[in-house]
Amino acid sequence: MASPHEKLDESLEALKALQDRGVVAVRSGDLTRTHQERLVKNGFLIEVMKGWYIPASPDDAAGASTAWYSSFWAFCAAYLQERFGENWCLSPEQSLLLHVGNMTIPRQLLVRSPKARNKITRLLHDTSLFDTRASLPAAGQIVENEGLRLFSVPAGLVSCGPGFFLQNATDARAALAMVRHASDVLSLLLEGGRTRVAGRLAGGFRNIGRYRIADDIVETMKTAGFDIRESDPF
């Protein structure tokens, strides 16, 4: 009969096989119940929600958040893929933050999907996920980054609220700087007749010294018959 130590080694091998495949979000069906319970008991798995786990180290202090914060984005990508397939994306604001390299873990991750239930899903360490029923940008305006489905930078800038520029000024300027040509945003602005957004973006581009883009937005919107009033969002 195998000793407790040998049994734990067997369970760790099963977990390692998953990790070697890049699995971060471990579902209950990924392991036998025996392996799962043994790994949880010995501190090698932490339950995030019913049926979902992340690998951990038994050396971590009780209540330590290291394993969760290091797994957060990969876990959310896998969980959302399982729930919604490819029919989801993060909010425009969160998308822009990730585009400019701001990987700060949000207190509540906002997710859009036509299949959403407008429901909060509680996660570890006082974090949560809120899925809101909303339409998604067109296929060409969604990009994928390490399993996370994001608004493209132009779509994110057109879709984000005005508060983003005030609350995340440095990141907003970095996102604006990623736009190379006015045409990247103009098609979206013209399609919806988004004069207020156009004025805000023109002001934003002028604020960071991208005068040509600002002028092109204003002139094109006026030529198309829209009344645009430029305003500095910062």
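**Close-up 1. Parallel pairing of β5 and β7 in the predicted model**. In this predicted model, strands β5 and β7 run in the parallel sense and are joined over 6 bridges. Within this pairing, L110 stands opposite F130 of β7. Strands of a sheet can pair through backbone hydrogen bonds in either a parallel or an antiparallel manner.

**Close-up 2. The open sheet and its edges**. The sheet is open and is formed by 4 strands, which follow one another in the order β4-β5-β7-β6 with mixed pairing.

**Close-up 3. The hairpin of β6 and β7**. Strand β6 and strand β7 (residues 128–133) pair in the antiparallel sense over 4 bridges, and T121 has L129 in β7 as its bridge partner. The two strands β6 and β7 form a hairpin with 5 residues between them, and in the turn H125 takes a positive phi of about 50°.

**Close-up 4. Helix α3 across the sheet**. Helix α3, which comprises residues 66–84, lies across the strands β4, β5 (108–113), β6 and β7, and runs at about 30° to β5.

**Close-up 5. Packing of helices α8 and α10**. Two packed helices are described by the angle between their axes and by the distance between those axes. For helix α8 (residues 183–192) and helix α10 (residues 211–223), the packing angle is about 30° and the axes are 11 Å apart. Because angles under 35 degrees count as roughly parallel, α8 and α10 are therefore roughly parallel to each other. The crossing of α8 and α10 is right-handed. In the contact, V185, L186, L189 and L190 of α8 meet D216, I217, T220 and M221 of α10; the residues of this contact of α8 with α10 divide into 6 nonpolar, 1 polar and 1 charged. An α-helix has 3.6 residues a turn, so residues three or four places apart point the same way.

**Close-up 6. Helix α2 and the residue G43**. Helix α2 spans residues 33–41, and among its residues H35, Q36, R38 and L39 are buried. Just after α2, the backbone of G43 takes a positive phi of about 85°.

Notes. Residues numbered from 1 in each chain as written. Predicted model: local features only at pLDDT ≥ 70, side-chain atom pairs only at ≥ 80, totals over all residues. Heavy atoms only, no water. Buried < 20%, exposed > 50% of the residue type's maximum accessible area, 1.4 Å probe, protein only. Axes fitted to C-alpha atoms, helices over the stretch in contact; angles between N-to-C directions. Parallel < 35°, antiparallel > 145°, perpendicular 65-115°, else oblique. Left-handed = near helix turned anticlockwise from the far one by under 90°. Contact = heavy atoms within 4.5 Å. Nonpolar A, V, L, I, M, F, W, Y, C, P; charged D, E, K, R; others polar. Pairing = 2+ DSSP bridges.
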